[in-house]
Amino acid sequence: MKPDIFQALESRSGRRHELCYADKFAAYIKLCLSDAMSDSDFIAYAAALVALLAALYARHTRDAARRANDIAVQNGLRPFRLEVYRSMQDFAHYCSTYRTLWHLGAVKGTRDLVGRIESFKWEIEHQGPLAMPSVEAKVAEFQNKAWQMQRLLDRLPAGQNNPEDRVYQSGEENMDGLVEWFANERKALNATFQPYLSEV
């Protein structure tokens, strides 16, 4: 049995066997809007509906293209970001163990530390801009803390026990704090890099 609306439409049109589903749908919209609506008004409403659907489709297409581009950029930068991660892991480990290496005689004064700071800076810059603002800020912090360590290691053997950071009471305490800071930051790097290495 045909729906009442289609029966009504067919009886009004007088073409029972010629109406296709598209014709029926268009006639149904016109009937629902107003029995007295003119053809020109109906065409205007239909044109507005088509324009709205076209705009929605264009927006969906733009969103899909933007997402595809984001994925391509993420995948393209991933190897370079991983290199920065590895460099920071190695540098944090080096700084957290430098004082022990000093006491064991495995390094010479602060010369090796200065060389490592400079090579770390070059390693990071060599990867180019990678769109990781929080990591870039952390790299700068790594370097600043390492320079503090270098200045303390130069002063402490000479009996100058004043700290670099006013939070600490002495240079020795400051030195212990830096060693612990680098060790903790090394453990926290996974969380720092997670937004830049995860899938888009």
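In which kind of crossing does helix 5 pass helix 6, left-handed or right-handed? The points below take this up after some background.

1. This is a predicted model, in which local features need pLDDT of at least 70, side-chain atom pairs count only at pLDDT 80 or more, and totals for chains, interfaces and linings use all residues. Residues are numbered from 1 along each chain as its sequence is written, and side-chain values use heavy atoms, with hydrogens and water left out.

2. The protein chain has six helices and zero strands (DSSP runs numbered from the N terminus: H or I of at least four residues for helices, E of at least two for strands). Its pattern along the sequence is α-α-α-α-α-α.

3. Helix 5 passes helix 6 in a left-handed crossing, where the near helix is turned anticlockwise from the far one by less than a right angle.

4. Of the 200 residues in the protein chain, 29% are buried, meaning under 20% relative accessible area with a 1.4 Å probe, protein chains only. Among contacts in the protein chain with a separation of 6 or more, 59% join residues 24 or more positions apart.

Technical notes:
Buried < 20%, exposed > 50% of the residue type's maximum accessible area, 1.4 Å probe, protein only. Contact = heavy atoms within 4.5 Å.
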